[in-house]
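Subject: Handing over the structure

Dear colleague,

Here is the structure I promised to pass on, and below it you will find notes on what came out of going through it. Please read them with the model open beside you.

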Amino acid sequence: MIAMARDFMDLDAINADIITADAYLWLLANRHRFDVIFDDVYGVTADDVARPSLFTPQLAAALRRSLLPSGIFAANLVIGQGHRRVQSSFRRFFLSNFPVVRSIKTEDSLNETLVGGTTLRPWQSIRSLASSCLLYTSPSPRDR
């Protein structure tokens with residue numbers, strides 16, 4: 001994913017700090033604070049993809065500690081048949097840990113992104129920025 005972001009989204013131009021590690025173990029030991037934390041942790045199974053873990057109370061505390069006061073947490077979720085339990089658990093996690101939660105899902109998508117924070121700008125205020133964003137587009141319109 002990092003290589004794709006470098007190749008297709010000019011990742012190096014924004015001077016982002018990229019950390020490559022076991023995400024949840026790293027987060028438990030982390031002492032830095034971030035503007036944004038994005039969780040896209042999935043493992044491949046024989047038939048599909050699956051999350052290796054749901055958020056424990058210790059992991060939730062580490063996540064909150066790792067965000068700046070105005071920081072946001074976003075999590076990519078695979079949706080559809082076989083993924084409802086994880087999706088529902090993450091929704092409950094977001095609603096119990098963040099005062100403002102938004103869902104981003106495009107028509108016919110196989111994914112939903114949940115975003116949580118203390119304050120989030122309404123979609124209407126950032127719509128004009130969407131056209132200027134360089135986004136990776138999947139060859140399949142259904143999985144963009």
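W26 counts as partly exposed, because its relative accessibility is 27% and that class lies between buried, under 20% relative accessible area, and exposed, over 50% (1.4 Å probe, protein chains only). W26 forms an aromatic pair with F34, with 6.0 Å from centre to centre and 50° between the planes, which makes the pair tilted. For such pairs, the rings of Phe, Tyr and Trp (its six-membered ring) must have centres within 6.5 Å, and planes under 30 degrees apart count as stacked, over 60 as edge-to-face and the rest as tilted.

Before going further, please keep in mind that this is a predicted model, in which local features need pLDDT of at least 70 and side-chain atom pairs count only at pLDDT 80 or more, while totals for chains, interfaces and linings use all residues. Residues are numbered from 1 along each chain as its sequence is written, and side-chain values use heavy atoms, with hydrogens and water left out.

The pLDDT, which is the predictor's confidence in each residue from 0 to 100, has a mean of 80 over the chain, and 83% of the residues reach 70 or more. Confidence is highest in helix α3 (residues 57-66), at a mean of 92, and lowest in helix α5 (residues 123-130), at 60. Where pLDDT is low, the predicted coordinates should not be read in detail.

As for the overall layout, the chain has five helices and six strands, where helices (H or I, at least four residues) and strands (E, at least two) are DSSP runs numbered from the N terminus. Their order from the N terminus on is α-α-β-β-β-α-β-α-β-β-α. Of the 144 residues, 30% count as buried. Among the contacts with a separation of 6 or more, 61% come from residues 24 or more positions apart, a contact being heavy atoms within 4.5 Å.

Turning to the strands, which pair if DSSP finds at least two bridges between them, β1 (residues 34-39) runs parallel to β4 (residues 67-78) over five bridges. Strand β4 is also joined to β6 (residues 111-117), by seven bridges and in the antiparallel sense.

F34, the partner of W26 in the tilted pair, lies in strand β1. Not counting residues up to four places away in sequence, F34 touches I19, W26, S66, L67, L68 and G71.

The whole structure holds eight aromatic pairs. Another of these is the tilted pair of F94 and F98, at 5.6 Å centre to centre and 40° between the planes, and both of its members are buried. F94 and F98 belong to one aromatic cluster together with F73, F90 and F93.

In helix α3, the buried residues are L59, A60, A62, L63 and S66. Seen down the axis of α3, these residues fall within an arc of 160°, so they line one face of the helix; the arc is that of the directions from the helix axis to the C-beta atoms. They pack against α2 (23-29), β1, β4 and α4, whereas P57 and Q58, on the other side of α3, are exposed.

S66 is buried, with a relative accessible area of 0%. The side chain of S66 reaches the backbone oxygen of A62 at 2.8 Å, and beyond four places in sequence S66 touches L27, N30, H32, R33, F34 and I37.

Finally, helix α4 (residues 84-97) contains L95 as well as Q87. L95 counts as exposed because its relative accessibility is 63%, whereas Q87 is buried, at 6%. The side chains of Q87 and R84 are joined by a polar contact of 2.8 Å, a term for a pair of N or O atoms within 3.5 Å in which, within protein, one must be able to donate a hydrogen and the other to accept it, residues adjacent in sequence counting only if both atoms are side-chain atoms. Leaving aside neighbours within four places in sequence, Q87 is in contact with L77, I79 and E112.

With best wishes
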